[in-house]
Amino acid sequence: MTAREGSLEAPTRHPLDWKNPEFHDESRALDEMHRVFEICHGCRRCLSLCNAFPTLFDLIDESASGEMDGVDRVDYWKVVDQCYLCDICYMTKCPYVPPHPWNVDFPHLMLRGKAIGFRKGTPTQFRDKALSSTDRNGTLAGIPVVVQAVNALTRNKTFRRGLEKGLGVDRNAWLPEFTSDKFRAYAAPSQAHPVRDGQRTPGKVAIYATCYVNYNEPGIGHDLTKVLDHNRIPYVLAAKEACCGMPKLELGDLDSVAALKEKNIPALARLAREGYAILAPIPSCALMYKQELPMLFPGDADVQAVQEAMFDPFEYFALRAKDGLLETDFSTPLGNVSYHVSCHLRVQNVGQKTREVLETIPGTHVHTIERCSGHAGTWGVKKEFHQTAMKIGRPVFRQMGEHPQGEPNWITSDCQLAGHHIEQGMGEAGRSVEGRLAHPLTLLRIAYGLQ
């Protein structure tokens, strides 16, 4: 290995060669884990990010030799289990990412481990498959005669104890409610606005609603359509839409990711080639199309077309503002806003566009917290990880309540799951913010004075 410390080049990533039989070779994967863990042991910059690195370093420090050679290879899987693929170590901390010759990509190595584990079969596989089947869950739980019962049961302590014992979902973890009024069924049609392309932005939008907005909080999607309409931006909904595949990716279920890609990409690629900007109001879903699918299918022209057309909504609005095409007729100040930047937005490398847009609203003071909340989709609700998720999020819970202008009027995160996790954590710490959690798109709609 070269002795060169760090790297001055911009980080890059290699495509994930997941169809190569060697990818699922357990012995080769453990060899690579040993190599990378040795580098991490000598660096330790990532200690504070999540529980994967403390788990690794404790295994090393508590071994007989105090070095990697003292760690049983079986225990490498404990590190894999603690990684929830936020990608922050790769994006913000690791000095040895490619093109550095040490070629460290810790998240993709953990994904490889998860893929091997999933293919072998894990003790929690039934639970994990059930939690990650978002389309099926939303469709079944959203049946009108079922939805009220499902939502009531998630609030019932006796049922939650049984759910924890039988399925491994922590009894105290916040769970989303479902709705029978799905966003795609009730989304208002676009007004017939003329298309106004900008230098940086297409003038028409296609909405990829996401499972969460469609099945759980459709109001976020309705707020997006109201903001688009107010800015005279015509929009359509993606003609066909299934889960983006991120929950399956986090399990290492790459075959299911590929199957979902085949459902989504053809329709989205047609929209991209027709000149639409594609907006996904949940950061994990946008990231799936911007980064993960292009890494898994690097030679697919349709995937590349969707990658180029995909925007986070506030990335789009900020660029729209630079083009002089975003309305600034805000009528309602938001006061003190504590804003959490979610990990899957940070790794999109677009900057803090949500903060930039919210700060243009008169009478609005944005306090930004750029640290992982610990939720990470389905990972944070599992019995074996929930307390760790709350521990990781504790600094965020505290900082969200420490607005420099005083008590926050609003707490918000681009990831609504993280927002609810933060709301729960603040409440458990004795600082209730009930009624003050809102998605940034909802805040933008309020600022415009829209109903």
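Modeller: With charges over rings. A charge sits over a ring if NZ of Lys or CZ of Arg is within 6 Å of the ring centre and within 35 degrees of the ring normal. Keep in mind that this model is predicted.

Biologist: Which residue lies over the face of phenylalanine 297?

Modeller: Lysine 261, at 4.5 Å from the ring centre. Look also at tyrosine 276: the charged end of lysine 204 sits over that ring, 4.4 Å from its centre.

Biologist: Now ring against ring. How many aromatic pairs does the structure hold?

Modeller: The structure holds 13. One of them joins phenylalanine 37 and phenylalanine 106. A ring pair is described by the distance of the centres and the angle of the planes. For these two phenylalanines, the values are 6.1 Å and 40°, a tilted pair.

Biologist: Where in the chain are phenylalanine 37 and phenylalanine 106?

Modeller: In distant parts. Phenylalanine 37 is in helix H1 (residues 26–41), and phenylalanine 106 is in helix H5 (residues 106–120). They are 69 residues apart.

Biologist: Is phenylalanine 37 buried or exposed?

Modeller: Buried, because its relative accessibility is 0%. Phenylalanine 106 has 4%, so it counts as buried too.

Biologist: Which residues do ring pairs link into a cluster?

Modeller: Phe37, Phe53, Phe57, Tyr76 and Phe106.

Technical notes: Residues are numbered from 1 along each chain as its sequence is written. This is a predicted model: local features need pLDDT of at least 70, side-chain atom pairs count only at pLDDT 80 or more; totals for chains, interfaces and linings use all residues. Side-chain values use heavy atoms; hydrogens and water are left out. Rings of Phe, Tyr and Trp (its six-membered ring) pair if their centres lie within 6.5 Å; planes under 30 degrees apart count as stacked, over 60 as edge-to-face and the rest as tilted. Helices (H or I, at least four residues) and strands (E, at least two) are DSSP runs, numbered from the N terminus. Buried means under 20% relative accessible area, exposed over 50%, partly exposed in between (1.4 Å probe, protein chains only).
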